[in-house]
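Hi there,

Here is the structure I promised to pass on to you. Have a look at it first, and then read my notes below with the model open beside you.

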Amino acid sequence: MKRKEKAAVDEFVALVGGKTWEPVRHKCIGKWSSGMTDYGFVIDGRITLFVSNSMAYFKKRIREWIKSIHTFEAKKDCYLRLLREQIEKDNDKAKDEKLNPVRLIDIGILSPESNSPFDFFAPYVLVEINGRRFKHQTAELSCAIMVDSLAGYLEECNCKDIYTARAVRTPDYIFCGVRFDSRDNMYKIGK
């Protein structure tokens, strides 16, 4: 790993509250085995993050992550406002369906308590539903926040009919036009 890649990882690790990191690499297998290698790093000996399958895009991807964190921090108040407006709409629909209202507590982009690389660095919405507090997370919501397109995502959500998320059997709340169940462990970070 070159100096520029190391400097990018140093900056990212410090930004997410890490102290140390070590590079990791694994030869690809199967149809990717022809000379391809996965590159990443382990933060504080606990969280392994995959970065790229080539060093050509390694630094660029880390810089994108850093930019996403800075953008999130700069726009957090705007995101909260947009989500509060959305939750009002969702709660009106939930009332009609006799489902629980959602209370927005906060939003975040990091879950340092998580040992999962998928949950460690994934935007989420901290909500309370019927006395249960948890970090609600879906791939679409996380992506919209990461690429600073939350307003467009919410607009798109409001153009669709309400539907129940996959594998949800007994929904009890609506978020972004989708029914979820606060009692299961799906669409959540942690338990």
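In this predicted model, four strands make up an open sheet, and their order across it is β4-β5-β6-β10, with antiparallel pairing. β4 (103-108) and β10 sit at the edges with a single partner strand each, so one side of each has no neighbour in the sheet. As a bit of background, strands of a sheet pair through backbone hydrogen bonds, and the pairing can be parallel or antiparallel.

Now walk along the sheet. Strand β5 (residues 124-129) and strand β6 (residues 132-136) run antiparallel and are joined by five bridges. To find your place, look for V127, which stands opposite F134 in β6. The two strands β5 and β6 form a hairpin, with two residues between them. While you are at that turn, click on N130: its phi is positive, at about 50 degrees. On the next step, β6 pairs with strand β10 (residues 188-189) over two bridges, again in the antiparallel sense. Here K135 is the residue that stands opposite I189 in β10.

Next, the helices. Helix α2 lies across β4 and β5, and it runs at about 155 degrees to β4. Which way does α2 (residues 58-96) run beside helix α5 (residues 150-159)? The two pack at an angle of about 10 degrees, with their axes 10 Å apart. Angles under 35 degrees count as roughly parallel, and α2 and α5 are therefore roughly parallel to each other. On the α2 side of this contact you will find Y79, L82, L83, Q86, K89 and K93, and they meet L150, A151, L154 and N158 in α5. Sorted by class, the contact has six nonpolar, two polar and two charged residues.

Rolling a probe the size of a water molecule over the atoms shows where empty space is left. The largest pocket has a volume of about 420 Å³. It is lined by 15 residues, and the closest to its centre are R61, W65, P117, F121 and M146. Which elements each supply at least two residues of that lining? They are β3 (47-52), α2, α3 (117-120) and α4 (139-146). Of these, α2 gives the most, with four residues. By class, the lining of the largest pocket has ten nonpolar, three polar and two charged residues.

Enjoy exploring!

Best wishes

Key:
Residues are numbered from 1 along each chain as its sequence is written. This is a predicted model: local features need pLDDT of at least 70, side-chain atom pairs count only at pLDDT 80 or more; totals for chains, interfaces and linings use all residues. Side-chain values use heavy atoms; hydrogens and water are left out. Axes are lines fitted to C-alpha atoms, for helices over the stretch in contact, and angles run from 0 to 180 degrees between N-to-C directions. Angles under 35 degrees count as roughly parallel, over 145 as roughly antiparallel, 65 to 115 as roughly perpendicular and the rest as oblique. Contact means heavy atoms within 4.5 Å. Ala, Val, Leu, Ile, Met, Phe, Trp, Tyr, Cys and Pro count as nonpolar, Asp, Glu, Lys and Arg as charged, and the others, Gly among them, as polar. Two strands pair if DSSP finds at least two bridges between them. On a 1 Å grid over the protein atoms alone, a cavity is a set of points where a 1.4 Å probe fits but cannot get out, and a pocket is an open set with protein on both sides within 12 Å along at least five of seven lines; lining residues have an atom within 4 Å of a point. Grid points are joined across faces, edges and corners, and a volume is the space filled by probe spheres set on the points.
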